[in-house]
Amino acid sequence: MRKIELYGVGKKYGEKDVLKEINLVLQEGIVYGLVGDNGAGKTTLMKIIAGIIEKDCGIVDNKDCKVSGLIDNPCAYEHLNALENLKLIMTYNDCEDDEYCVEMLGKVGLQQEKTKYKNFSLGMKKRLSIAMAFLSNPDLLILDEPTTGLDIHGISEFREMVKSFVNKKNKIVLISSHDTRDISVLCDRIIFLKKGEIIEVIDCDSLSPIDIENKYLAIG
Amino acid sequence: MKKIIYELKKTNYIKMLLMYTVVLVAGNLLIQIMYNSNSNSEILEEKKMYEEGLEANDEELNELFKKELVIIDYCIENNISYKSLSAITNLEKNKILVPVVLILIVICRCKSITVENENKTWILLKMYIKEPRRIWVMKNISGVCQTLVMLGLFVVIALLYGTLKYQSFENIKLIYDESRVVVGNYTGDIVNMLSSLTLKAIIYGELGYLMVMCIDSKIVIAGLWLIIVMENNIYNLLSSYRISKLLPFEYFDTFENLVDRNIQQIFVAILYMLGFVIVIKYASLKILKKSLDGGFRWKM
């Protein structure tokens, strides 16, 4: 069984401890929700797991695990259109499958979009970043506030994509969101993060968005 | 190959090339205005101008004017067009565009780094390519392709413009040598110009690529533009100091007069260029690795 393990992971920005002694095991087939205040260290934790930034201490065991995701603000190349941006990510992954790129664009509702990325709205940028994240068929999918800026159709399509991704392929998904409905609908387990520390990890089986909010407020 | 094509596409290289082509064509137009072919009456006027110039008390100028007068007389006697223009002479005259070509090459080289800063896409490279060496190789190969295309375009446009305008490939140059006029050609001048242009394109391109990783691109481009324009002054200023051996200006001078230099001087210049490029490449790989690890946070 594929899993990602973190032991004693810490990170400082200057004098500030952004993450302290993080111990966490992420297992395949499970969607994890990461919940925490602004500045709690969610994005930093995601970046460390994705290998984008270096940790200051501890161990991250994600050997042979292909990671992809949407972290921070959506980004892509301004002079390219949606399809070209997806094809570029494909070449980064040393593969070529134009049909799959078109299919992914269809899934996020951008198949007809011919304009360049610089003319995209925030929602369209987000949709493209989601398509990019799914495109490389990762073992671990990391999504940092994926539904912010999406319209109702976009949110619904995104949720369907995550569900089918996990069901079909037994992958690991880590989602951070301030929208407890996303967490409630998509996640199997919730990680509560506060001031760089994991406060609690709970199962999300039958928790409603209000339950999650209350639970978070209670531990804080 | 696809990676290289996309590397060029994402920097909007085609648009840059179009702009570059427009600049070169405009430059050629300017050269045409400056060096228009002389009719008989214009030659006589020019002769009169040189004769009047002889009255000045500047010995160096007088010497130059005398030589030009001998060449003009030779042309009138032998019914040869003075300052005849052809595709080849047009290419030689294009040497005044070299600083512009160099700075545009530098801008293109810098663009491969600045495009990632502007679009905040380092995170994509880090996430999907992971290995800094692969990113570095990709960017360097595309950089070499860019430089070669731009150098090639410089030659092609100059020759094409010259051919269309003058419909001649004549390669004749009248030279005043030991009190007589001899017929030579522009081949040596062109070899000198193209070899020094290539060397400078490599050195300045690599320097720009390295510097833009650490410093704001506008400062890098402005700084290199100043150096390109002032390189002769800098060379003269530093030529008596030991440090000039470490700077590229002395070797630029070797390539600018390549035809007249001996094998040893050319060998030293090539060796210097190789050493310079290796050092810069190594430094750029180290900085790229450091940047991708979050070491240079202001750029990431």
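In the predicted model, the side chains of Glu84(A) and Lys9(B) form a salt bridge, with 3.0 Å from N to O. Across the interface of chain A and chain B, the rule finds 1 salt bridge. Polar contacts between the two chains, counted where both residues have pLDDT 80 or more, amount to 8 residue pairs. The most is given by α2(A), with 6 residues. Sorted by class, the side of chain A that touches chain B comprises 14 nonpolar, 7 polar and 8 charged residues.

The extent of the interface was described by contacts and by area. Contacts involve 29 residues of chain A and 24 residues of chain B. About 2,500 Å² is buried between chain A and chain B, and carbon and sulfur atoms give 60% of this area. Within chain A, the residues that lose the most area to chain B are Ile52(A), Tyr77(A) and Tyr92(A), which together account for 27% of what that side buries.

Strand β5 of chain A contains Ser68(A). This residue, Ser68(A), has a relative accessibility of 0% and therefore counts as buried, the cut-off being under 20%. A polar atom of the Ser68(A) side chain lies 2.7 Å from the backbone oxygen of Ala133(A). Apart from neighbours within four places in sequence, the contacts of Ser68(A) in chain A are with Met132(A), Ala133(A), Ser136(A), Pro138(A), Leu140(A), Leu141(A) and Ile142(A). Beyond chain A, Ser68(A) is also in contact with Met127(B) and Tyr128(B).

In chain B, a buried serine was examined as well. Ser291(B) is part of helix α12, which spans residues 263–292. With a relative accessible area of 5%, Ser291(B) is buried. Ser291(B) and Met213(B) are separated by 78 residues in sequence, while their C-alpha atoms are 8.3 Å apart in space.

Aromatic pairs were then considered. Over all chains, the structure holds 7 aromatic pairs. One of them joins Phe249(B) and Phe252(B) in an edge-to-face arrangement, with 6.1 Å from centre to centre and 85° between the planes. The two residues, Phe249(B) and Phe252(B), are 3 residues apart in helix α11 (residues 249–256) of chain B, so about one helical turn separates them. Both Phe249(B) and Phe252(B) are buried. Ring pairs also bring in Tyr204(B), which forms a cluster with Phe249(B) and Phe252(B).

The buried residues in α11(B) are Phe249(B), Glu250(B), Tyr251(B), Phe252(B), Asp253(B), Thr254(B) and Phe255(B). Their cover includes three helices of chain B, namely α9 (187–211), α10 (217–238) and α12. Helix α12 is also the element in which Ser291(B) is found.

Technical notes:
Residues are numbered from 1 along each chain as its sequence is written. Chains are lettered from A and ligands numbered from 1 in the order in which they are written. This is a predicted model: local features need pLDDT of at least 70, side-chain atom pairs count only at pLDDT 80 or more; totals for chains, interfaces and linings use all residues. Side-chain values use heavy atoms; hydrogens and water are left out. Contact means heavy atoms within 4.5 Å. Buried area is the accessible area (1.4 Å probe) that two parts lose on being put together, summed over both. A salt bridge is a side-chain nitrogen of Lys or Arg within 4 Å of a carboxyl oxygen of Asp or Glu. A polar contact is a pair of N or O atoms within 3.5 Å; within protein, one must be able to donate a hydrogen and the other to accept it, and residues adjacent in sequence count only if both atoms are side-chain atoms. Helices (H or I, at least four residues) and strands (E, at least two) are DSSP runs, numbered from the N terminus. Ala, Val, Leu, Ile, Met, Phe, Trp, Tyr, Cys and Pro count as nonpolar, Asp, Glu, Lys and Arg as charged, and the others, Gly among them, as polar. Buried means under 20% relative accessible area, exposed over 50%, partly exposed in between (1.4 Å probe, protein chains only). Rings of Phe, Tyr and Trp (its six-membered ring) pair if their centres lie within 6.5 Å; planes under 30 degrees apart count as stacked, over 60 as edge-to-face and the rest as tilted.
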